[in-house]
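I opened the notebook to record, entry by entry, what I looked up in this structure. My plan was to begin with secondary structure and overall form, and then to turn to single residues.

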Amino acid sequence: LTNAIATVLGASSVGSGTFGVTSTGAITETGAITQAAGAGAATFAAGANAITLNQANDLTGAVVLSNSGAGNVSLTNGTATVLGLTGVGSGTLTVNSTGAITQTGVITQAAGAGVATFNAGANPITLTQANHFIGAVSFNNSGANNVSLTNGVATVLGTSGVGTGTL
């Protein structure tokens, strides 16, 4: 889907292929997006605008988030979350997942970026690509679940709550 204005997504079931949304305005949703098991990547590109996907999504493929400028990026996923190659602007980045958070591609923040927050409930958080987090990075999980971060620049650790696993 390519849209020349702000894009509001309703509840959607998108099967097992790839799913892409490119918008010259903000991307938001009024209902959850569901992918079939084993689905391809779900890509969201909003130019210099915010991406707000805060419904109980079920994105099973790698999620690629792309914006620039000061727009915040927020993703809520009701299953394990795999982040693909992601480049965000100077706003905040928030990923909420009811499953583990992992990645297949580097996450890059623009200069002056805000806090990047990863919430995984009772699950591990494994971000071990050569990331480029400029803002503080915060992690929240519980239980005996580890948190791992690789960052290619100086790392500022934000307020975090990690269970009994290692950080």
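Entry on secondary structure. I looked up the elements of the chain, working from a predicted model, and found 19 strands and zero helices.

Entry on overall form. I compared the radius of gyration with the rule for globules: a compact globule of 167 residues would have a value near 15 Å, and the chain has 15 Å, so the two agree. Along the principal axes, the C-alpha trace spans about 40 × 35 × 25 Å. I noted that 41% of the 167 residues count as buried, and that the chain exposes about 6,700 Å², of which carbon and sulfur atoms supply 57%. I then took the contacts between residues at least 6 apart in sequence, and of these 17% join residues at least 24 apart.

Entry on strand pairing. Which strands pair with strand 7 in the parallel sense? I found strand 4, residues 19-23, paired in that sense with strand 7, residues 42-45, over four bridges, with Thr 43 as the bridge partner of Gly 20. Strand 7 also pairs in the parallel sense with strand 9, residues 63-66, again over four bridges, and here I noted Ser 66 of strand 9 as the bridge partner of Ala 45.

Entry on the nonpolar core. I looked up the largest nonpolar core, which has 30 residues, and the ones with the most contacts inside it are Phe 44, Leu 93 and Phe 118.

Entry on Asn 151. Is Asn 151 buried or exposed? Asn 151, which lies in strand 19, residues 147-151, has a relative accessibility of 16% and therefore counts as buried, the cut-off being under 20%. Leaving aside neighbours within four places in sequence, I recorded Asn 131, His 132 and Phe 133 as the residues in contact with Asn 151.

Conventions
Residues are numbered from 1 along each chain as its sequence is written. This is a predicted model: local features need pLDDT of at least 70, side-chain atom pairs count only at pLDDT 80 or more; totals for chains, interfaces and linings use all residues. Side-chain values use heavy atoms; hydrogens and water are left out. A nonpolar core is a set of buried Ala, Val, Leu, Ile, Met, Phe, Trp, Tyr and Cys residues joined through side-chain atoms within 4.5 Å. Buried means under 20% relative accessible area, exposed over 50%, partly exposed in between (1.4 Å probe, protein chains only). Helices (H or I, at least four residues) and strands (E, at least two) are DSSP runs, numbered from the N terminus. The radius of gyration is taken over C-alpha atoms; the globule rule is 2.2 Å times the number of residues to the power 0.38. Contact means heavy atoms within 4.5 Å. Accessible areas come from the Shrake-Rupley method with a 1.4 Å probe; for residues, only the protein chains shown count as cover. Two strands pair if DSSP finds at least two bridges between them.
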